[in-house]
Amino acid sequence: MSTEINARPVIAMDAVESSEIAAIGHDSETNTLAIQFPSKSGPGSVYHYANFDAEAFAAFKNADSIGSHFGKVIKPHPDRHPYVKVS
């Protein structure tokens with residue numbers, strides 16, 4: 001499911017140690033989570049997820065496994081966190 005997010009802010013991202021996710025970032029003004037997925041052929045795709053507040057981002061960033069957290073808490077809930085591919 002892909003739903004437009006009205007504003008697409010430029011979100012600074014930090015690399016993370018995960019085999020499933022390359023980098024993450026958060027914009028607290030728009031409650032937008034940015035995730036860059038890894039790619040074997042250069043920079044991977046970036047997606048923005050809506051309705052992601054600072055508390056949810058802190059839990060994601062500090063999870064024991066960022067990839068597992070994404071798979072259990074974010075990915076299965078596109079109704080709660082609609083997303084759009086931005087690059």
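The following legends describe close-up views of a predicted model.

**View 1. The five-stranded sheet.**
Five strands form an open sheet in the order β1-β2-β3-β4-β5, and their pairing is antiparallel. The edge strands are β1, at residues 14–15, and β5, at residues 83–85, each of which pairs on one side only. In general, the strands of a sheet pair through backbone hydrogen bonds, in either a parallel or an antiparallel manner. Helix α1, which spans residues 54–61, packs on the sheet and touches β2 (23–27) and β3. The direction of helix α1 makes about 165° with that of β2.

**View 2. Strand β3 and its partners β2 and β4.**
Strands β2 and β3 run antiparallel and are joined by five bridges. Within this pairing, A23 has Q36 of β3 as its bridge partner. Strand β3, at residues 32–36, also pairs with strand β4, at residues 46–49, in the antiparallel sense over four bridges. Here the bridge partner of I35 is Y47 in β4.

**View 3. The two faces of strand β3.**
Both faces of β3 are covered. On one side lie T32, A34 and Q36, on the other L33 and I35, and all of these residues are buried. Five of the five residues of β3 are therefore buried, and the strand is largely enclosed by the rest of the structure.

**View 4. The hairpin of β2 and β3, with N31.**
The hairpin of β2 and β3 has four residues between the strands. N31 is located in the loop between β2 and β3. The phi of N31 is positive, at about 50°, although N31 is not a glycine. With a relative accessible area of 30%, N31 is partly exposed, because values between 20% and 50% fall in that class.

The loop between β4 and α1 contains N51. N51 is not a glycine, yet has a positive phi of about 60°.

**View 5. The largest nonpolar core.**
In soluble globular proteins, nonpolar side chains tend to be buried together. The largest nonpolar core of this model has 13 residues, of which I21, I24, L33, I35, F60 and F70 touch the most other members. Two or more residues of this core come from each of the elements β3, α1 and α2 (66–74). Helix α2 gives the most to this core, contributing three residues.

**View 6. The surroundings of I24.**
I24 is among the residues that touch the most other members of the largest nonpolar core. Leaving aside residues up to four places away in sequence, I24 touches A12, M13, D14, V16, A34, I35, F57, F60, K61 and I66.

**View 7. The packing of helices α1 and α2.**
Two packed helices are described by the angle between their axes and by the distance between the axes. Helices α1 and α2 pack at an angle of about 135°, and their axes are 9 Å apart. The two helices α1 and α2 are therefore oblique to each other, because the angles that count as roughly antiparallel are those over 145 degrees. Where they meet, A59, F60 and K61 belong to α1, while I66, H69, F70 and I74 belong to α2.

**View 8. G71 and E20.**
G71 is located in helix α2. This glycine, G71, is partly exposed, with a relative accessible area of 37%. G71 and E20 are 51 residues apart in sequence, and their C-alpha atoms are 9.6 Å apart in space.

**View 9. H77 and A23.**
H77 lies in the loop between α2 and β5. The relative accessible area of H77 is 23%, and H77 is partly exposed. H77 and A23 are 54 residues apart in sequence and 20 Å apart in space, from C-alpha to C-alpha.

**View 10. The annotated region.**
In the unreviewed UniProt entry, the annotation "domain: KTSC" covers residues 17–76. Over residues 17–76 the chain is 28% helix and 23% strand. The end C-alpha atoms of this stretch are 22 Å apart.

Conventions. Residues numbered from 1 in each chain as written. Predicted model: local features only at pLDDT ≥ 70, side-chain atom pairs only at ≥ 80, totals over all residues. Heavy atoms only, no water. Pairing = 2+ DSSP bridges. Contact = heavy atoms within 4.5 Å. Axes fitted to C-alpha atoms, helices over the stretch in contact; angles between N-to-C directions. Core = buried A, V, L, I, M, F, W, Y, C linked by side-chain atoms within 4.5 Å. Buried < 20%, exposed > 50% of the residue type's maximum accessible area, 1.4 Å probe, protein only. UniProt positions renumbered as here; feature names shortened; annotations may be inferred. Parallel < 35°, antiparallel > 145°, perpendicular 65-115°, else oblique.
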